[in-house]
Structures are given as C-alpha cells and as structure tokens.
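Hi,

Here is the structure I said I would pass on. Have a look at it first, and then read my notes below.

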Amino acid sequence: MANGQRRAALRGRVGRRLPPALRRRDFRRLWVAVLTESLAMQMLVVAVGWQVYSIRRNPLDLGLVGLAEFLPLPLLALPAGQLADRLSRRLIFAVALAVQMLVALGLLVVSLSGADRLWPFFVLAAGTGVVTAIGAPASRSLAPELVPVDLLASALALRSVAGQAAVVTGPAVGGLLFVLSPEVTYGTAAVLLAAALVAASGLGPRATRALPVGEAPGLAHLLGGIAFLRRSPIVLGAIALDLFAVLLGGAVALLPVFARDILHVGPIGLGVLRTGPAIGALLAGLLLARRPLGRFAGRKLLVSVAIFGAAMVVFGLSRSLPLSLAALAVGGFVDMISVNVRATAVALATPDELRGRVNAVEMVFISASNELGAFESGVAAAVFGTVRSVVAGGALTVAIALSWFRAFPALARVDRLEDIRPPRE
C-alpha cells in the first residue's frame, strides 16, 4: 500500500510538471503517436534519399520521389476530408499508421533485394502519398477534439515539438543505422510505426459525425473546405504563403546532393544536415509552447517567412558544414513560427464539422510545398545547377513574403491569434 501511494505521489509530481495539454490522457497518447511516427518517417527519408541518389546519382530522381508522393494527394484529399468529417478520426488515423508500417516493410524487402532499381521506390513513395492523403485530415483534426480551446495553441505547439524532436534525432539515427545496413533502418522504422499504432489505438472513442437531417454527402459537402477558405482570407493567406515559401525556398530534397557532392560529408553528414532545420524548429516550438506568440501575429508570420528565404540563400552559398547547419537551423526556427500561426488560425477559425475537409485542403497546400516542392527542386537543380536553384528560390521567397502585406492585408493585420473567429456565412 505504501509503495502504491509513493508511485501515485510520484506520478502526481511528474504530472504537475507536464504542460497542461499533456496532462490529458488522450492528447498524451496522440503526442506519443506523432513522435514515434515522425521519428520513423524521418529515418525512412534518409535511407530512401541515399539509396535513390546512389542508383544513378541524378538529383532529378530525388524530385521524382517527391512527385510520386504528391500525385495521390490532389485526387484523394477532398474525399478523405469528407470521410474525416463523417467517420471516426481516431480509426482513420490508426488504419493509416498500419498501412505506413507495411510501406516500411516493403522498403525493407526492396533493400534486401539489392535496391538497384528506381521503380520500387517510386511505387512505395506513391503508397506513402496515398496513406498521407487518407490519414492526414483525420489526424490533424484530432487535437481540437482532445483539448479545450484555451489549451489549443499550446497543444498545437507541443504537437509540432513532437514532430520536430523526431526530426532532430530521426535523420541522425537513420544515418547511423544506415551505416550498419539499410535494412536495420527500415526494420527499426517499422517497429516505431507499430508503437505509434498502439498509442493511436488507445485513444478514447467518440461518436461518428452525422450530416444534418436531409443533407446528403454530395458535391457541396465534398467541397465544403474550399468554400470555407473562400470566406476566410486570413486562413487562405496563411496556407498559400506556406505553399509558395516552401515550394520555392525549400532545399531539403537536395540535401543528399549537398552532403555528397558539395559538402562531402557522407551519409552521417546527410543525417546531421537534416537535423539542422529541426533543431531550430524544436527550439521555437518549445518557446511557443511556454510563451504564446502574443501581439502582431500576422506581421511576425510574414517577417518569419522572409527570414526563411534569406536563410536558404545563405545555405545555398555555403561551403562550410557549420555555416550550412546554422542557416538550416535559422530557417527551421522561423518556419516553426509560421507553422504555428497557420495551424492555430486554421483550428480557431474552422468549426468542428468542417475540420476534416478544411484540413484536407490545407494538406494539399502543405504537400504541394513539400512533395511537389521536392520535384521542383530536383528539376531546377538538374537544369540550372543545385546551388543556383537554391539561392534563386530563397530570394523569390523573400519577395513573396514582402508582397503578402498587400496581397492579404487582413492576414498582415492579425494581432492576437486567440481573437480569430470563424467567418460569417
């Protein structure tokens, strides 16, 4: 009995030290699922990037992997969003994790078979795109269900911290395991995805959503997220800015080229480079979780994106690993600020019955900036050269961020995020 009381007292002390959102059981399980899933995916990215580039040493192949991941998203995003607004978001998230675990096992089989052909990587990348398209609208809609409104901004920052903490450790661990063998990397990722599935399966049940009486799941319901964005220039401006900034200014897909041919740091160096943005993002996320952004959120968003573009210019010109890491860390820090503003604005401005469909549209924007951005980076590097493409993309990002002050004045005028409300019908 005394031992039980001591354990209970210890749990109580630990619980009091946790952020308020993490004291809630279901959000804590979601946080663990996001952490382990993100860790696994970052390990996979390092291994796949190195193996794909090693086959022909052509940066375009890295872009094609990104394109294969992106192509399913525009086709499946809207139906997936509609599904997330009608069925259990917890169940959809769990199924998506299970399928992603199978993709990791498929990569293990490909590696055991020699990994000397590109098409299996493209097929499995497309499988990842399908899983992301179906699972992301549901998983991104879960946090507002699990915490009250007053904890939402902190909860979203903590979710980002989980993802970025995985990005800090995942690429480096993936690079180290890759030195042992690619198969060890893929097997470890599959185990982590299984752990994420266990955590997600423990989320408490919630009733399935039903459409209003007399309403059928027709075209108007399917396009509800797009109609919402047309009524909300603040949300539209925030996610469109993210699209163009990362589409043009992102250089992550080209990191294998920098690691191998420019900085000459090998697979371990590639893993270290991939942690650069995450280190900065993790620091920003921890800061935002403890201290909200405060006033002038709209202006801070636009300035952050401009700094991100400038950091990419420095990275493209750098020939020093420490300077490259510093530029990537600065980019990650300010990118986390923009991500937090966007995610909080979407969550506060979107009614619960529309969250799946709005998050589906947002996911297309985000994936276009990441996966399609990887394709754009590969094409630009193949045509203009790796360094020129990264420097030009960073400069264009700065110009776009400055132009957003006039293109979306309502976004620039946003003061405190908590004052955002859903737009009137």
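Let's start with helix α9, which covers residues 182–201. It has 20 residues and reaches 29 Å from its first C-alpha to its last, close to the 28 Å expected at 1.5 Å a residue. Keep in mind that this is a predicted model.

Which residues of α9 are buried? They are Pro182, Thr185, Tyr186, Ala189, Ala190, Leu192, Leu193, Ala196, Ala199 and Ala200. These buried residues pack against α2 (25–56), α5 (89–112), α6 (119–140) and α8 (152–180).

Next, the aromatic rings. The count comes to three aromatic pairs. One of them joins Phe244 and Trp404: the ring centres are 6.0 Å apart and the planes sit at 65 degrees, so this pair is edge-to-face. Phe244 belongs to helix α12 (residues 233–249) and Trp404 to helix α18, so the pair ties together parts that are 160 residues apart in sequence. Phe244 is partly exposed, at 33% relative accessibility, while Trp404 is buried, with a relative accessible area of 9%. Trp404 also pairs with Phe408; here the centres are 5.2 Å apart and the planes are at 35 degrees, so the pair is tilted. Phe408 is buried too, like Trp404.

Last, the surface. Val303, Ile307, Val330, Leu402 and Phe405 make a nonpolar patch of about 400 Å². The elements giving two or more residues to this patch are α15 (297–317) and α18 (386–407). Ile307, in helix α15, is partly exposed, with a relative accessible area of 37%.

Cheers

Key. Residues numbered from 1 in each chain as written. Predicted model: local features only at pLDDT ≥ 70, side-chain atom pairs only at ≥ 80, totals over all residues. Heavy atoms only, no water. Patch = residues over 30% accessible without salt bridge, like charges linked within 9 Å, V, L, I, M, F, W, Y side chains within 5 Å. Areas by Shrake-Rupley, 256 points an atom, 1.4 Å probe, with all protein chains shown as cover. Salt bridge = Lys/Arg side-chain N within 4 Å of Asp/Glu carboxyl O. Helix = DSSP H or I, 4+ residues; strand = E, 2+ residues; numbered from the N terminus. Buried < 20%, exposed > 50% of the residue type's maximum accessible area, 1.4 Å probe, protein only. Expected span 1.5 Å × (residues − 1). Contact = heavy atoms within 4.5 Å. Phe/Tyr/Trp six-rings, centres within 6.5 Å; stacked < 30°, edge-to-face > 60°.
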